[in-house]
Amino acid sequence: MVDVESDGPIPGDFSMVCFGAVVVEPGLARTFYGKVKPISERWDPQALAVSGFSREQTLAFDEPAAVMTAFASWLGGLKTKRLLFIADNNGFDWQWINWYFHHFTGKNPFGFSSQNLGSLYKGLVNDTFATFKHLRRTKHTHNPIDDARGNAEALLHMQQMGLKISLD
């Protein structure tokens, strides 16, 4: 489960600020958190405010290549059969992770697809208007580890509800 915070709407023109990943398994103990130095002079103050960081703080974050290399290494160490990228808003979150991986490491360990958590829930309950957010136990704070953990909790609950998904 992955969550991204950024300082604008699209990668390249704007920057990923931070991201978190949580392995979806009982305990939700395996996590990765990266804070990424801006790659662009452009930034939207309202978008950045969601992350809780100032522009000055982000300028001291880690180099993107180092963070993405460390994330790829962490993912490689998980020893899973298949990496599956799942997010609450996968259209947004995946575009950032994909762009940064390709730009800074040359490839995306997740491949070319992702899953949307909300869509999985809508299909599970046969209701395109349904929301899974009541299944989160961890408060949604816009800290990407908190948000990824809450979404992972929801996915584990969906599995108990009968969602067929391989999480190993």
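Me: Which are the buried residues of α6?

Reply: They are Pro-144, Ile-145, Asp-147, Ala-148, Gly-150, Asn-151, Ala-152, Glu-153, Ala-154, Leu-155, Leu-156 and Met-158. Buried means under 20% relative accessible area, exposed over 50%, and partly exposed in between (1.4 Å probe, protein chains only). This is a predicted model, in which local features need pLDDT of at least 70 and side-chain atom pairs count only at pLDDT 80 or more, while totals for chains, interfaces and linings use all residues. Residues are numbered from 1 along each chain as its sequence is written, and side-chain values use heavy atoms, leaving out hydrogens and water.

Me: What makes α6 "mostly covered"?

Reply: Twelve of its 17 residues are buried. The cover includes β1, β2, β3, β4 (86-87) and α5, where contact means heavy atoms within 4.5 Å. These labels are DSSP runs numbered from the N terminus: helices are H or I with at least four residues, strands E with at least two.

Me: How do you know that the end C-alpha distance of α6 agrees with its number of residues?

Reply: The expected span is 1.5 Å times one less than the number of residues. For the 17 residues of α6 this comes to 24 Å, and the end C-alpha atoms are 24 Å apart, so the two agree.

Me: What caps the N-terminal end of α6?

Reply: Asn-143 does, with a side-chain oxygen 2.8 Å from the backbone nitrogen of Ile-145. After the helix comes Gly-162, with a positive phi near 120 degrees.

Me: How do you know that the buried residues of α3 line one face of the helix?

Reply: Those residues are Pro-64, Val-67, Met-68, Phe-71 and Leu-75. Seen down the axis of α3, they fall within an arc of 95 degrees, so they line one face; the arc is that of the directions from the helix axis to the C-beta atoms. They pack against β2 (16-22), β3 (31-35) and α4 (90-105).

Me: What makes β1 and β3 the edge strands?

Reply: The open sheet has the order β1-β2-β3, with antiparallel pairing, and β1 and β3 each pair on one side only. Two strands pair if DSSP finds at least two bridges between them; β1 and β2 are joined by five bridges, and β2 and β3 by five. Val-4 stands opposite Phe-19 in β2, while Cys-18 has Lys-35 in β3 as its bridge partner.

Me: How does α3 run relative to β3?

Reply: α3 lies across β2 and β3, at about 170 degrees to β3. Axes are lines fitted to C-alpha atoms, for helices over the stretch in contact, and angles run from 0 to 180 degrees between N-to-C directions.

Key:
A polar contact is a pair of N or O atoms within 3.5 Å; within protein, one must be able to donate a hydrogen and the other to accept it, and residues adjacent in sequence count only if both atoms are side-chain atoms.
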